[in-house]
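Please read it alongside the sequence and the coordinates.

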Amino acid sequence: MRSSDYLLATLKETPADAEAISHQLMLRAGLIRKLASGLYTWLPTGVRVLRKVETIVREELNRVGAIELLMPMVQPAELWQESGRFEQYGPELAKLNDRHDRTFVLGPTHEEVITDMVRNQISSYKQLPINFYQIQTKFRDEIRPRFGVMRAREFVMKDAYSFHLSEQCLDKTYWLMHQAYTRIFARIGLECRPVAADTGSIGGALSHEFHVLADTGEDAIAFSNESEFAANVEMAEAVAPQTPRPEASQPLQEVATPEAKTIEAVSQQLNIDPQQSVKTLIVHGIATDEQSQPLVALILRGDHSLNEIKAQKLDLVHSPLTFASEAEILAQTGSLPGSLGPVNLNMPIIVDRSACVLADFVCGANKDGYHFTGVNFDRDICNYQVEDIRNVVEGDLSPCGQGQIEIKRGIEVGHIFQLGQKYAKALNAGVLDESGKHEHLNMGCYGIGISRVVAAAIEQNHDKFGIKWPEAIAPFQVVLIPMNMHKSHRVTEVAETLYQQLLGIGVEVLFDDRKERPGVMFNDAELIGIPHAIIIGERNLDEQMVEYKHRITGDKAKLPVDEVLSFLQGKLS
RNA sequence: CGGUAAUUGGCGCAGCUUGGUAGCGCACUUGGUUUGGGUCCAAGGGGUCGCAGGUUCAAAUCCUGCAUUACCGACCA
């Protein structure tokens, strides 16, 4: 491709509304332009990268026997009403009416459509298992689109759906897809880790997220420093400390703690470690006949934080989790938040495992401006239930039993689920088994955010000059930078010849034939992140040489003109 | 949806406090100059100052409302 026939669209300055590095570089390198919030045009360079990611994904999915199809983005509302998600999915589901006033949705995902297709086309266990995928545009009306294409409303996704007679068969395909994903991200050249995940609203038995590790990632992931254990922080089990609870040695004592409303302030006033205190959070419970909005107390060690996902899974706790208002708390405890504690508290009490092993600790006295010291479970607090309700922190024991927890940040680029029979039952999709009995299908679904992979790759691979593409997804493999071509016949001749030769052997080459100064071309090539550069100038042509430079390693070499082709072939193979 | 901020040519910004001819840099066009890391000079094209209403002889500037956008919190590929 000649620059003069192309749209490079590089920018010197960073548009003001781009915050994330990948977003800034995607705009500056001419990959994308914003049309509206969360909606982006992919410029030619961006599309080249997108297509490369898609190709790798296709090859690896085909390799494990998945078959490609393509479903509509606009889907009839009836299907979504049938699965129950028309209401359940919430405002992220964009709805629209056609001229006949029939309601449709813009597909945020395709479980309904694929299950509908399968229930009509598949009727025998002999046709199973089967695994379909598509690469297609999705629309989710995100509350807050951010970071460019990282969280856009419209985005490109690869979604696959497998169907099975038995759970065992589903499990087998699930792990096959797990392997395929691992290979995909390795081939793309990303440092990526599978992570045990919450199945969330989609439901189902087993789920893994695939995360590209990057400091700017939105998700926190807990790793063991000694084993392969990795789990989303919201999902990682906080194991009970190994040490048993010490004996009570202090009497229960009420002390004045004026103005101390936070764990930090109380700890400072009483000169104790926050680890020797507990905090009390009041949330809404499940409504009963007697009480329309009962309250539940959650007790955590002072330095720990509540894991809302774990808490809302408990029987006593209302889901989704909501905190009690100050008025509700005052009415039931006689105290405002800041002086709450589990002693003589007239509501169900749930104690975190780590708080439960404390002895002689500090907590609020349910009386404004007062705390208790020397508090002990079983002596001072009797009716309570012990659960895991906190977020893991660095240094915790790993729940796998090996090593300690480390927390790193990641960008979720893939997610696989064992859905089980949820959609098959809702949409009544089944087959006849060997004995002629009707069985609901077991289903797995597997997503990769193709456009997000592009952003994540940049987030993980950039420097102050621009993008450092992994070779496998670079928009071009080679850039030809001829200097002062318009003034030198020799440069023109060598550049044109090399360009034709490279095209001839199928190399994706950008020939920067603009009448620009060398510095401009160097900067653009580095910004766009093309891995291999060949620089052609009068100076080296005196010796029939050109210069080679590698974008990532910075390696430089002088090459005889007639060896460029074989040199590059060696580098690219 | 809550909190914060912004909106002036394609991009980055100044001007607003104290109302009076809309400006700078980049990019673009033309001519010249320069040529191994974002040359320099000159001439030029391009703006309903987000929208609506109000105050005023006069509004980018003051007032009111609305819209859009970004960032921080709860969801997700």
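How many residues surround RNA strand B, and which of them are the closest? In this predicted model, RNA strand B is surrounded by 50 residues, and the closest are Ala16, Arg140, Asn484, Glu526 and Glu547. Of the atoms of RNA strand B that come within 4 Å of the protein, 47% belong to sugar and phosphate.

| Residue and its atom | Atom of RNA strand B | Distance |
|---|---|---|
| Lys34, polar side-chain atom | sugar or linking oxygen | 3.2 Å |
| Val413, backbone N or O atom | sugar or linking oxygen | 3.0 Å |
| Lys549, side-chain N or O atom | base oxygen | 3.3 Å |

Turning to secondary structure, the elements that give two or more residues to the surface near RNA strand B are β8 (154-164), β20 (405-420), α14 (518-528), α15 (538-541) and β29 (545-550). The element that gives the most to this surface is α14, with 7 residues.

Which residues does Thr109 touch, leaving aside those up to four places away in sequence? Thr109, which lies in the loop between β6 (103-106) and α5, touches Gln75, Trp80, Arg85, Tyr89, Lys138, Arg140 and Tyr161; one of these, Arg140, is also among the residues closest to RNA strand B. Because its relative accessible area is 6%, under the 20% limit, Thr109 counts as buried. The side chain of Thr109 also takes part in a polar contact of 2.6 Å with the side chain of Glu111.

The peptide bond that joins Leu128 to Pro129 is cis, with an omega of about -5 degrees.

The next region to consider is an open sheet of 3 strands, in which the order is β13-β18-β17 and the pairing is antiparallel. Why is one side of β13 (253-256) and of β17 left without a neighbour in the sheet? Both strands stand at the edges and each has a single partner strand, so one side of each has no neighbour there. On average, and with direction ignored, neighbouring strands of this sheet are turned by 30 degrees against each other. The antiparallel strands β17 and β18 are joined by 3 bridges, and Phe361 has Val375 of β18 as its bridge partner.

Asn366, found in the loop between β17 (361-364) and β18 (370-375), is not a glycine and yet has a positive phi of about 55 degrees. Asp378, found in the loop between β18 and β19 (385-387), likewise has a positive phi, of about 70 degrees, although it is not a glycine. Is Asn366 buried or exposed? Asn366 counts as buried, because its relative accessibility is 12%, whereas Asp378, with a relative accessible area of 46%, is partly exposed.

Terms used
Residues numbered from 1 in each chain as written. Chains lettered and ligands numbered in written order. Predicted model: local features only at pLDDT ≥ 70, side-chain atom pairs only at ≥ 80, totals over all residues. Heavy atoms only, no water. Near = heavy atom within 4 Å. Polar contact = N/O pair within 3.5 Å; in protein donor to acceptor, adjacent residues only side chain to side chain. Helix = DSSP H or I, 4+ residues; strand = E, 2+ residues; numbered from the N terminus. Buried < 20%, exposed > 50% of the residue type's maximum accessible area, 1.4 Å probe, protein only. Pairing = 2+ DSSP bridges. Axes fitted to C-alpha atoms, helices over the stretch in contact; angles between N-to-C directions. Contact = heavy atoms within 4.5 Å.
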